[in-house]
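Please examine the structure shown here together with its sequence.

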Amino acid sequence: MPLSLQSEPHSDPHAALPGGGRPEREPNALEVEDLRVYFDTEEGEIRAVDGVSFHMRRGRILALVGESGCGKSVTSYSILRLIQSPGRIQGGSIRFYPKPADGGAETAPIDIASLTEKDERLFDLRGGKISMIFQEPMTALSPVHTVGNQIIEAIRLHQDLDKQQARDKAVEMLGKVGIPGPEKRIDQYPFEMSGGMRQRVVIAMALVCNPEILIADEPTTALDVTIQAQIMGLIKRLQSEMNTSTLLITHDLGVVGQLADDVAVMYLGRIVEQGNVRELMKNPRHPYTLMLLKSLPGMSAGKARLSSIKGSVPSLRELPAGCPFHPRCPFAVKGRCDVGDRPKLEKVSETRGVACIRWNEITDGDIAAIDKEPTR
Ligand SMILES: Nc1ncnc2c1ncn2[C@@H]1O[C@H](COP(=O)(O)OP(=O)(O)OP(=O)(O)O)[C@@H](O)[C@H]1O
Ligand code: SF4
Ligand SMILES: [Mg+2]
(Lines give C-alpha, C1' and ligand atoms only; values in the text may rest on other atoms or scores of the structure.)
(Ligands and ions follow the chains in the order given, each with its own letter.)
Protein backbone atom coordinates (compact mmCIF):
# COMPACT_ATOMS: atom_id res chain seq x y z
CA MET A 1 0.00 0.00 0.00
CA PRO A 2 1.55 3.33 -0.99
CA LEU A 3 2.25 5.75 1.81
CA SER A 4 2.57 9.42 1.08
CA LEU A 5 2.35 12.77 2.77
CA GLN A 6 1.72 14.56 -0.56
CA SER A 7 -0.69 17.45 -0.44
CA GLU A 8 -4.16 17.40 -1.95
CA PRO A 9 -6.25 20.42 -2.92
CA HIS A 10 -7.50 21.69 0.39
CA SER A 11 -9.74 24.28 1.87
CA ASP A 12 -8.59 26.98 4.25
CA PRO A 13 -6.23 25.21 6.66
CA HIS A 14 -7.29 27.58 9.41
CA ALA A 15 -10.96 26.72 9.01
CA ALA A 16 -12.87 25.12 11.88
CA LEU A 17 -11.37 21.99 13.44
CA PRO A 18 -12.77 18.63 12.41
CA GLY A 19 -14.22 18.33 15.91
CA GLY A 20 -16.36 21.43 15.44
CA GLY A 21 -19.40 22.11 13.29
CA ARG A 22 -21.95 19.62 12.01
CA PRO A 23 -21.38 18.46 8.44
CA GLU A 24 -24.41 18.82 6.15
CA ARG A 25 -24.08 15.31 4.74
CA GLU A 26 -24.37 13.28 7.95
CA PRO A 27 -25.35 14.23 11.50
CA ASN A 28 -22.85 13.67 14.26
CA ALA A 29 -23.69 11.51 17.26
CA LEU A 30 -21.00 13.05 19.45
CA GLU A 31 -18.69 16.03 19.27
CA VAL A 32 -15.78 16.34 21.66
CA GLU A 33 -14.14 19.72 21.66
CA ASP A 34 -11.01 20.89 23.45
CA LEU A 35 -11.45 18.23 26.14
CA ARG A 36 -8.92 18.50 28.96
CA VAL A 37 -8.60 15.89 31.71
CA TYR A 38 -5.95 16.40 34.35
CA PHE A 39 -4.74 14.27 37.25
CA ASP A 40 -3.36 15.81 40.44
CA THR A 41 -0.55 13.57 41.63
CA GLU A 42 2.17 13.96 44.25
CA GLU A 43 4.61 14.62 41.45
CA GLY A 44 2.41 17.37 40.05
CA GLU A 45 -0.37 17.81 37.53
CA ILE A 46 -0.59 15.29 34.70
CA ARG A 47 -2.37 16.50 31.59
CA ALA A 48 -3.49 13.09 30.32
CA VAL A 49 -5.91 14.60 27.81
CA ASP A 50 -5.04 18.11 26.82
CA GLY A 51 -7.19 19.64 24.11
CA VAL A 52 -8.79 16.66 22.39
CA SER A 53 -11.31 17.36 19.62
CA PHE A 54 -13.05 14.79 17.42
CA HIS A 55 -16.49 13.88 16.20
CA MET A 56 -18.37 10.61 15.74
CA ARG A 57 -20.72 10.25 12.79
CA ARG A 58 -24.09 8.65 13.50
CA GLY A 59 -24.14 4.92 12.75
CA ARG A 60 -20.41 4.78 11.98
CA ILE A 61 -17.34 3.32 13.67
CA LEU A 62 -14.66 5.77 14.74
CA ALA A 63 -11.40 4.12 15.78
CA LEU A 64 -9.22 5.85 18.35
CA VAL A 65 -5.62 4.66 18.05
CA GLY A 66 -2.27 5.48 19.60
CA GLU A 67 0.50 4.01 21.73
CA SER A 68 -0.05 2.99 25.34
CA GLY A 69 -0.58 5.87 27.77
CA CYS A 70 -1.60 8.44 25.15
CA GLY A 71 -5.02 9.02 26.78
CA LYS A 72 -7.45 6.80 24.88
CA SER A 73 -9.14 5.28 27.95
CA VAL A 74 -9.17 8.59 29.84
CA THR A 75 -10.93 10.18 26.84
CA SER A 76 -13.53 7.40 26.70
CA TYR A 77 -14.14 7.40 30.46
CA SER A 78 -14.77 11.14 30.23
CA ILE A 79 -17.61 10.56 27.76
CA LEU A 80 -19.42 8.57 30.46
CA ARG A 81 -18.15 10.92 33.19
CA LEU A 82 -16.32 8.07 34.91
CA ILE A 83 -13.15 10.02 35.73
CA GLN A 84 -12.48 9.73 39.42
CA SER A 85 -10.25 11.61 41.83
CA PRO A 86 -7.40 12.51 41.51
CA GLY A 87 -8.61 13.08 37.95
CA ARG A 88 -10.96 15.82 36.80
CA ILE A 89 -12.41 17.21 33.62
CA GLN A 90 -10.66 20.53 33.50
CA GLY A 91 -12.51 21.93 30.49
CA GLY A 92 -13.96 21.43 27.04
CA SER A 93 -17.27 20.03 25.88
CA ILE A 94 -18.70 16.59 25.02
CA ARG A 95 -21.86 17.20 23.02
CA PHE A 96 -24.19 14.23 22.60
CA TYR A 97 -26.82 14.55 19.88
CA PRO A 98 -29.76 12.25 20.74
CA LYS A 99 -31.33 10.46 17.81
CA PRO A 100 -34.64 12.06 16.93
CA ALA A 101 -37.77 9.91 17.24
CA ASP A 102 -38.99 8.47 13.92
CA GLY A 103 -39.96 11.38 11.72
CA GLY A 104 -39.18 13.85 14.53
CA ALA A 105 -36.85 16.81 14.46
CA GLU A 106 -33.30 16.84 15.86
CA THR A 107 -33.23 17.91 19.50
CA ALA A 108 -30.67 20.10 21.23
CA PRO A 109 -27.39 18.39 22.16
CA ILE A 110 -26.52 17.56 25.76
CA ASP A 111 -23.11 18.73 26.94
CA ILE A 112 -22.09 15.74 29.04
CA ALA A 113 -19.01 17.53 30.38
CA SER A 114 -21.15 20.19 32.06
CA LEU A 115 -23.75 17.90 33.71
CA THR A 116 -23.69 17.66 37.49
CA GLU A 117 -23.27 14.22 39.08
CA LYS A 118 -26.91 14.28 40.21
CA ASP A 119 -28.34 15.20 36.82
CA GLU A 120 -30.88 12.55 35.78
CA ARG A 121 -29.74 12.82 32.19
CA LEU A 122 -26.37 11.41 33.22
CA PHE A 123 -28.07 8.32 34.68
CA ASP A 124 -30.12 8.00 31.51
CA LEU A 125 -26.99 8.19 29.35
CA ARG A 126 -24.79 5.75 31.28
CA GLY A 127 -25.57 2.22 30.19
CA GLY A 128 -28.69 3.48 28.41
CA LYS A 129 -28.03 5.77 25.46
CA ILE A 130 -24.26 5.35 25.80
CA SER A 131 -22.69 2.10 26.90
CA MET A 132 -19.20 0.76 27.19
CA ILE A 133 -17.25 -2.43 26.85
CA PHE A 134 -14.33 -1.92 29.21
CA GLN A 135 -10.67 -2.63 28.55
CA GLU A 136 -10.71 -5.27 31.30
CA PRO A 137 -13.96 -7.11 30.46
CA MET A 138 -13.56 -9.68 33.22
CA THR A 139 -13.95 -6.93 35.80
CA ALA A 140 -17.23 -5.83 34.18
CA LEU A 141 -18.98 -9.00 35.38
CA SER A 142 -19.79 -9.79 38.97
CA PRO A 143 -18.52 -13.28 39.91
CA VAL A 144 -21.33 -13.85 42.43
CA HIS A 145 -24.33 -13.27 40.16
CA THR A 146 -25.51 -15.30 37.17
CA VAL A 147 -24.95 -13.65 33.81
CA GLY A 148 -28.72 -13.58 33.35
CA ASN A 149 -29.34 -11.62 36.54
CA GLN A 150 -26.68 -9.10 35.52
CA ILE A 151 -28.18 -8.56 32.07
CA ILE A 152 -31.73 -8.43 33.46
CA GLU A 153 -30.65 -5.78 35.97
CA ALA A 154 -29.09 -3.69 33.18
CA ILE A 155 -32.34 -3.97 31.19
CA ARG A 156 -34.61 -3.05 34.08
CA LEU A 157 -32.50 -0.03 35.02
CA HIS A 158 -33.27 1.59 31.70
CA GLN A 159 -36.42 -0.05 30.34
CA ASP A 160 -39.91 -0.44 31.69
CA LEU A 161 -40.13 -4.24 31.48
CA ASP A 162 -41.22 -6.80 34.07
CA LYS A 163 -38.88 -9.62 35.17
CA GLN A 164 -40.14 -12.18 32.65
CA GLN A 165 -40.02 -9.71 29.74
CA ALA A 166 -36.49 -8.69 30.74
CA ARG A 167 -35.45 -12.35 30.96
CA ASP A 168 -36.87 -13.06 27.50
CA LYS A 169 -34.98 -10.09 26.17
CA ALA A 170 -31.74 -11.24 27.85
CA VAL A 171 -32.11 -14.71 26.30
CA GLU A 172 -32.71 -13.14 22.89
CA MET A 173 -29.61 -10.94 23.26
CA LEU A 174 -27.42 -13.85 24.38
CA GLY A 175 -28.56 -15.68 21.26
CA LYS A 176 -27.72 -12.63 19.12
CA VAL A 177 -24.15 -12.53 20.41
CA GLY A 178 -23.69 -16.17 19.45
CA ILE A 179 -24.03 -17.96 22.80
CA PRO A 180 -25.37 -21.45 22.11
CA GLY A 181 -28.31 -22.63 24.25
CA PRO A 182 -28.96 -19.17 25.72
CA GLU A 183 -32.01 -20.42 27.72
CA LYS A 184 -29.63 -22.60 29.77
CA ARG A 185 -26.54 -20.39 29.70
CA ILE A 186 -28.46 -17.47 31.17
CA ASP A 187 -28.43 -19.17 34.59
CA GLN A 188 -24.69 -19.78 34.61
CA TYR A 189 -22.09 -17.82 36.56
CA PRO A 190 -19.22 -16.13 34.69
CA PHE A 191 -16.69 -18.68 36.04
CA GLU A 192 -18.60 -21.43 34.24
CA MET A 193 -17.86 -19.81 30.88
CA SER A 194 -14.78 -19.49 28.66
CA GLY A 195 -13.10 -16.08 28.15
CA GLY A 196 -14.67 -15.72 24.70
CA MET A 197 -18.16 -16.55 26.02
CA ARG A 198 -17.76 -14.09 28.91
CA GLN A 199 -16.76 -11.40 26.44
CA ARG A 200 -19.92 -12.15 24.44
CA VAL A 201 -21.93 -11.69 27.64
CA VAL A 202 -20.25 -8.32 28.21
CA ILE A 203 -21.15 -7.29 24.66
CA ALA A 204 -24.74 -8.48 25.19
CA MET A 205 -24.93 -6.38 28.35
CA ALA A 206 -23.56 -3.32 26.55
CA LEU A 207 -25.99 -3.64 23.65
CA VAL A 208 -29.15 -4.91 25.32
CA CYS A 209 -30.54 -1.41 25.88
CA ASN A 210 -29.91 -0.56 22.22
CA PRO A 211 -27.50 2.30 22.95
CA GLU A 212 -27.03 5.12 20.47
CA ILE A 213 -23.31 5.14 21.22
CA LEU A 214 -21.13 2.14 22.03
CA ILE A 215 -17.62 2.63 23.38
CA ALA A 216 -15.42 -0.45 23.04
CA ASP A 217 -12.09 0.01 24.83
CA GLU A 218 -9.65 -2.65 23.58
CA PRO A 219 -12.50 -5.20 23.73
CA THR A 220 -10.38 -8.23 22.88
CA THR A 221 -7.10 -7.68 24.75
CA ALA A 222 -7.46 -10.71 26.97
CA LEU A 223 -8.51 -13.16 24.26
CA ASP A 224 -6.60 -15.40 21.88
CA VAL A 225 -6.21 -14.37 18.25
CA THR A 226 -8.98 -16.53 16.74
CA ILE A 227 -11.51 -15.40 19.35
CA GLN A 228 -10.36 -11.78 18.90
CA ALA A 229 -11.31 -11.93 15.23
CA GLN A 230 -14.70 -13.48 16.05
CA ILE A 231 -15.49 -10.85 18.69
CA MET A 232 -14.45 -7.98 16.40
CA GLY A 233 -16.62 -9.44 13.62
CA LEU A 234 -19.50 -9.69 16.10
CA ILE A 235 -19.14 -6.05 17.19
CA LYS A 236 -19.12 -4.96 13.55
CA ARG A 237 -22.20 -7.08 12.68
CA LEU A 238 -24.23 -5.88 15.67
CA GLN A 239 -23.12 -2.29 15.09
CA SER A 240 -24.39 -2.38 11.53
CA GLU A 241 -27.63 -4.24 12.44
CA MET A 242 -28.44 -1.84 15.27
CA ASN A 243 -26.94 1.23 13.58
CA THR A 244 -24.95 2.06 16.71
CA SER A 245 -22.38 4.84 16.57
CA THR A 246 -19.23 3.18 17.86
CA LEU A 247 -15.98 4.43 19.35
CA LEU A 248 -13.51 1.57 18.96
CA ILE A 249 -10.29 1.95 20.92
CA THR A 250 -7.46 -0.23 19.75
CA HIS A 251 -3.70 -0.48 19.24
CA ASP A 252 -4.26 -2.56 16.15
CA LEU A 253 -4.24 -0.61 12.90
CA GLY A 254 -5.03 -3.83 11.03
CA VAL A 255 -8.37 -4.02 12.89
CA VAL A 256 -8.96 -0.33 12.17
CA GLY A 257 -8.54 -0.89 8.43
CA GLN A 258 -11.05 -3.74 8.48
CA LEU A 259 -13.73 -2.36 10.77
CA ALA A 260 -13.71 1.41 11.09
CA ASP A 261 -15.14 4.18 8.91
CA ASP A 262 -13.17 7.00 10.51
CA VAL A 263 -10.02 7.12 12.58
CA ALA A 264 -8.50 9.52 15.11
CA VAL A 265 -4.82 9.11 15.94
CA MET A 266 -3.77 10.18 19.43
CA TYR A 267 -0.35 11.12 20.70
CA LEU A 268 0.40 12.36 24.22
CA GLY A 269 -3.06 13.55 25.09
CA ARG A 270 -4.12 15.03 21.76
CA ILE A 271 -5.48 14.00 18.40
CA VAL A 272 -2.74 14.48 15.82
CA GLU A 273 -4.68 13.26 12.78
CA GLN A 274 -8.32 12.45 12.05
CA GLY A 275 -10.05 11.41 8.86
CA ASN A 276 -11.74 8.76 6.77
CA VAL A 277 -10.03 5.40 7.34
CA ARG A 278 -9.40 4.46 3.74
CA GLU A 279 -8.01 7.87 2.77
CA LEU A 280 -5.96 8.20 5.92
CA MET A 281 -4.37 4.78 5.64
CA LYS A 282 -3.59 5.29 1.98
CA ASN A 283 -2.29 8.79 2.41
CA PRO A 284 -1.35 9.67 6.01
CA ARG A 285 -0.50 13.33 6.58
CA HIS A 286 0.96 13.24 10.06
CA PRO A 287 4.42 11.65 10.40
CA TYR A 288 3.25 9.79 13.53
CA THR A 289 0.43 8.14 11.57
CA LEU A 290 2.88 7.36 8.79
CA MET A 291 5.30 5.73 11.23
CA LEU A 292 2.52 3.75 12.93
CA LEU A 293 1.46 2.43 9.52
CA LYS A 294 5.01 1.63 8.57
CA SER A 295 5.35 -0.47 11.69
CA LEU A 296 2.56 -2.75 10.42
CA PRO A 297 3.84 -5.92 8.75
CA GLY A 298 3.41 -5.76 4.98
CA MET A 299 2.63 -2.03 4.84
CA SER A 300 6.14 -0.65 4.59
CA ALA A 301 5.86 1.34 1.37
CA GLY A 302 6.50 -1.64 -0.84
CA LYS A 303 9.52 -2.74 1.18
CA ALA A 304 9.60 -6.09 2.90
CA ARG A 305 11.21 -4.66 6.00
CA LEU A 306 9.45 -3.72 9.15
CA SER A 307 10.37 -0.33 10.56
CA SER A 308 9.40 0.92 13.97
CA ILE A 309 9.11 4.29 15.62
CA LYS A 310 12.42 5.21 17.21
CA GLY A 311 12.67 6.14 20.88
CA SER A 312 9.94 5.96 23.47
CA VAL A 313 6.96 8.13 24.27
CA PRO A 314 8.13 11.09 26.42
CA SER A 315 6.69 11.50 29.92
CA LEU A 316 3.57 13.64 30.20
CA ARG A 317 5.35 15.43 33.05
CA GLU A 318 8.18 16.61 30.81
CA LEU A 319 6.72 17.28 27.42
CA PRO A 320 9.27 18.51 24.88
CA ALA A 321 8.77 22.06 23.57
CA GLY A 322 7.11 22.57 20.21
CA CYS A 323 5.74 19.41 18.63
CA PRO A 324 6.04 16.66 21.29
CA PHE A 325 6.69 14.10 18.54
CA HIS A 326 9.85 15.92 17.41
CA PRO A 327 12.40 13.76 19.31
CA ARG A 328 11.08 10.72 17.38
CA CYS A 329 10.08 12.32 14.10
CA PRO A 330 12.30 11.62 11.08
CA PHE A 331 11.05 14.83 9.43
CA ALA A 332 11.63 17.19 12.39
CA VAL A 333 13.36 20.47 11.53
CA LYS A 334 15.51 22.11 14.19
CA GLY A 335 14.36 25.59 15.11
CA ARG A 336 10.84 24.96 13.80
CA CYS A 337 9.52 21.71 15.25
CA ASP A 338 11.24 21.98 18.64
CA VAL A 339 10.13 25.48 19.62
CA GLY A 340 6.90 27.23 20.61
CA ASP A 341 3.50 25.66 21.20
CA ARG A 342 2.20 22.27 20.10
CA PRO A 343 0.92 22.32 16.52
CA LYS A 344 -2.87 22.61 16.48
CA LEU A 345 -5.17 20.22 14.65
CA GLU A 346 -5.92 22.00 11.39
CA LYS A 347 -8.52 21.13 8.82
CA VAL A 348 -6.48 20.31 5.70
CA SER A 349 -9.31 18.91 3.55
CA GLU A 350 -13.05 18.32 3.86
CA THR A 351 -12.54 15.25 6.00
CA ARG A 352 -8.99 15.48 7.30
CA GLY A 353 -7.45 17.22 10.31
CA VAL A 354 -3.68 17.21 10.94
CA ALA A 355 -1.50 18.66 13.72
CA CYS A 356 1.88 19.02 12.01
CA ILE A 357 3.47 22.25 10.79
CA ARG A 358 5.14 20.35 7.92
CA TRP A 359 2.18 18.24 6.71
CA ASN A 360 2.26 19.99 3.34
CA GLU A 361 6.05 20.00 2.87
CA ILE A 362 7.09 16.38 3.25
CA THR A 363 7.59 14.69 -0.11
CA ASP A 364 7.56 11.09 -1.29
CA GLY A 365 11.34 11.50 -1.68
CA ASP A 366 11.69 12.39 2.03
CA ILE A 367 9.68 9.30 2.92
CA ALA A 368 11.71 7.07 0.61
CA ALA A 369 14.86 8.44 2.26
CA ILE A 370 13.80 7.28 5.72
CA ASP A 371 13.14 3.82 4.30
CA LYS A 372 16.81 3.67 3.31
CA GLU A 373 18.04 4.58 6.79
CA PRO A 374 19.41 1.67 8.80
CA THR A 375 16.74 -0.07 10.88
CA ARG A 376 16.55 1.53 14.25
N1 LIG B 1 -5.57 7.41 38.09
C2 LIG B 1 -4.58 8.04 37.47
N3 LIG B 1 -3.69 8.79 38.17
C4 LIG B 1 -2.70 9.47 37.55
N5 LIG B 1 -2.51 9.47 36.21
C6 LIG B 1 -3.35 8.76 35.48
C7 LIG B 1 -4.43 7.99 36.03
N8 LIG B 1 -5.10 7.38 35.05
C9 LIG B 1 -4.46 7.74 33.91
N10 LIG B 1 -3.42 8.55 34.16
C11 LIG B 1 -2.51 9.16 33.18
O12 LIG B 1 -3.21 9.25 31.97
C13 LIG B 1 -2.41 8.75 30.90
C14 LIG B 1 -3.31 8.16 29.87
O15 LIG B 1 -3.89 6.97 30.37
P16 LIG B 1 -4.88 6.08 29.53
O17 LIG B 1 -5.30 4.98 30.42
O18 LIG B 1 -5.94 6.92 28.94
O19 LIG B 1 -3.94 5.54 28.36
P20 LIG B 1 -4.33 4.62 27.12
O21 LIG B 1 -4.05 5.39 25.88
O22 LIG B 1 -5.70 4.09 27.32
O23 LIG B 1 -3.23 3.47 27.22
P24 LIG B 1 -3.38 1.89 26.98
O25 LIG B 1 -3.29 1.70 25.51
O26 LIG B 1 -2.21 1.32 27.70
O27 LIG B 1 -4.68 1.44 27.56
C28 LIG B 1 -1.46 7.77 31.55
O29 LIG B 1 -0.25 7.73 30.85
C30 LIG B 1 -1.26 8.34 32.93
O31 LIG B 1 -0.17 9.24 32.90
S1 SF4 C 1 5.63 19.24 13.47
FE2 SF4 C 1 7.70 18.61 12.93
S3 SF4 C 1 8.26 17.10 14.50
FE4 SF4 C 1 6.04 17.35 14.59
S5 SF4 C 1 5.26 15.75 13.32
FE6 SF4 C 1 5.44 17.57 12.03
S7 SF4 C 1 7.48 17.39 11.09
FE8 SF4 C 1 7.42 15.97 12.79
MG1 LIG D 1 -6.48 2.24 27.74
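The paragraphs below describe a predicted model.

The largest nonpolar core has 97 residues. Ile151, Ala170, Ala204 and Val265 are the members with the most contacts inside this core. Among the elements, helix H6, spanning residues 195-207, gives the most to the core, namely eight residues. Domain 1 (128-210) and domain 2 (284-372) each give residues to this core, so the core lies between the two domains.

The shell around ligand 1 comprises 16 residues, of which Ala48, Ser68, Gly69, Ser73 and Val74 come nearest. Two or more residues each are given to this shell by strand E1 (28-41), strand E2 (44-57) and helix H1 (72-79). Helix H1 gives the most, with three residues. By residue class, the shell around ligand 1 holds seven nonpolar, eight polar and one charged residue.

Gly181 lies between helix H4 (163-176) and helix H5 (182-185), in the loop that joins them. Is Gly181 buried or exposed? Gly181 has 11 other C-beta atoms within 10 Å, and a residue with 12 or fewer counts as exposed; Gly181 is therefore exposed. Val171 is ten residues from Gly181 in sequence, and their C-alpha atoms are 9.0 Å apart in space.

Technical notes:
Residues are numbered from 1 along each chain as its sequence is written. Chains are lettered from A and ligands numbered from 1 in the order in which they are written. This is a predicted model: local features need pLDDT of at least 70, side-chain atom pairs count only at pLDDT 80 or more; totals for chains, interfaces and linings use all residues. A nonpolar core is a set of buried Ala, Val, Leu, Ile, Met, Phe, Trp, Tyr and Cys residues joined through C-beta atoms within 7 Å. A residue is buried if 20 or more other C-beta atoms lie within 10 Å of its own, exposed if 12 or fewer, and partly exposed in between; C-beta atoms are placed from the backbone. Helices (H or I, at least four residues) and strands (E, at least two) are DSSP runs, numbered from the N terminus. Domain bounds come from an automatic or database domain assignment. A residue is near a molecule or strand if its C-beta atom, placed from the backbone, lies within 6 Å of it. Ala, Val, Leu, Ile, Met, Phe, Trp, Tyr, Cys and Pro count as nonpolar, Asp, Glu, Lys and Arg as charged, and the others, Gly among them, as polar.
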